[in-house]
Amino acid sequence: MIWAVLLAQATATAPVPLWRDPEHDGAADAGAACLRINPGNIGSAERVNEVVNAAKANGCAIRIGVNAGSLEKDLLEKYGEPCPEALVESALDHIKLLQDHDFHEYKVAVKASDVFLAVAAYQGLAEATDCPLHLGITEAGGLIGGTVKSSIGIGSLLWFGIGDTIRVSLSAEPEEEVRVGFEILKALGIRNRGVRVVSCPSCARQGFDVIRTVQVLEERLQHIRTPMSLSVLGCVVNGPGEARETDIGVTGGGNGKHMVYLSGLTDHTVEDADMVEHIVKLVEAKAAELEAADVAKAAIAAE
Ligand code: SF4
C-alpha cells in the first residue's frame with residue numbers, strides 16, 4: 001500500500017493532524033489523527049466495530065460525516081428526501097453506535113451542498129447534542145460561488161456560536177480552501193493572525209491602481225503571522241478615516257505621490273513605483289516591533 005507509506009511519512013512531518021477515510025485500511029496504523037466515517041456508506045456494524053477498534057488502538061479520533069448526498073436508505077424512505085431531521089437522525093444514530101462501543105473521541109458533521117439544509121441540520125444537531133461539531137457546506141462549488149456559500153453557511157453558524165472545526169470545500173486549489181476558511185474566521189474575529197486588509201473597490205478618483213496593488217500586497221504579506229491592520233484606499237474621500245483606525249495606511253494622492261500613515265497619523269509620502277515594496281517593508285517592520293513588544297510583555301509577566 002504505497003499510500004499508507006506516504007501517509008506515514010506525511011503524518012511524521014505535517015505541522016497539523018491529518019485525517020483519513022477508514023475505507024483505506026491501515027489509515028489509523030499509518031498515523032492518521034482522525035478517521036472519518038460516512039454513515040451512508042460505512043457498511044455493516046461489524047465494519048464500524050473494526051474502525052472503532054483501529055481508532056482505539058492508535059489513539060485516533062473519529063469524525064462522523066453525515067452527508068445529504070449519501071444518506072442511509074431507510075432514512076431517505078422515512079423522510080422522502082434529505083432534510084434537516086434526516087441528517088440529525090443519522091448523526092444521532094451513529095453517535096449512539098460509537099457510544100455503545102465505549103468510544104467518545106468523536107466529532108460530527110451534517111453537511112449538505114444546500115446552505116439552508118446544512119444550517120438547519122447543524123442547528124438541530126446543536127440542540128440535540130453537545131458534542132463537537134465540524135462545519136462545512138459540502139460540494140459548495142467553484143472559488144467564487146463556493147466561497148460565498150461557505151461564508152454564509154459556516155459564517156452564520158459560527159456567529160450563532162455553533163461549531164468547533166471547519167472545512168471549506170471548493171472546486172479550487174486546496175490552498176484556496178484554507179485561505180477562505182481563514183478569512184471566515186478572521187471576519188468573525190475568531191482568528192486574528194496576519195494582516196487584516198481594509199481596501200476600497202476603487203473608482204475614477206483613485207490615485208493608484210487599488211485593485212492590482214491589493215492583489216499583490218495580499219500575496220506578498222501572506223508570511224506575516226502577527227495580527228495587524230493595513231488600509232489601502234485610492235483617495236482622500238475615505239482614506240484618512242480608514243487610515244486613522246489601522247496600524248499602517250496608504251491613501252492615493254495626486255501626481256503619483258501617496259500619503260503613508262503610521263498608527264493613524266500622516267507620516268510621509270511614497271512614489272507610485274516604490275509603493276508596494278515600501279508597504280511590505282513597513283508591514284514587516286511593524287510585525288517585528290509588535291512581536292518584540294509581546295516578548296517583552298511576556299518576560300515582565302514571568303518575573
Ligand atoms: S476611497 Fe476614493 S478611490 Fe476608493 S472607492 Fe472611495 S472614492 Fe473611490
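**Reading a helix pair**

Student: At what angle do helix α4 and helix α5 pack?
Tutor: Axes are lines fitted to C-alpha atoms, for helices over the stretch in contact, and angles run from 0 to 180 degrees between N-to-C directions. Here helix α4 (residues 84–100) and helix α5 (residues 115–128) pack at about 45 degrees, their axes 8 Å apart. This is a predicted model: local features need pLDDT of at least 70, side-chain atom pairs count only at pLDDT 80 or more, and totals for chains, interfaces and linings use all residues. Residues are numbered from 1 along each chain as its sequence is written.

Student: What do I call that arrangement?
Tutor: Under 35 degrees counts as roughly parallel, over 145 as roughly antiparallel, 65 to 115 as roughly perpendicular, and the rest as oblique. So α4 and α5 are oblique to each other.

Student: Which residues in α4 and α5 meet?
Tutor: Two residues are in contact if their C-beta atoms, placed from the backbone, lie within 7 Å. In α4, Pro84, Glu85, Leu87, Val88, Ala91 and Leu92 meet Leu117, Ala120, Ala121, Gly124, Leu125 and Ala128 of α5. By class, this contact has 10 nonpolar, 1 polar and 1 charged residues (Ala, Val, Leu, Ile, Met, Phe, Trp, Tyr, Cys and Pro count as nonpolar, Asp, Glu, Lys and Arg as charged, and the others, Gly among them, as polar).

Student: How many helices and strands does the protein have?
Tutor: Helices (H or I, at least four residues) and strands (E, at least two) are DSSP runs, numbered from the N terminus. The protein has 10 helices and 11 strands.

Student: And the contacts across the protein?
Tutor: Among those between residues at least 6 apart in sequence, 58% join residues at least 24 apart.
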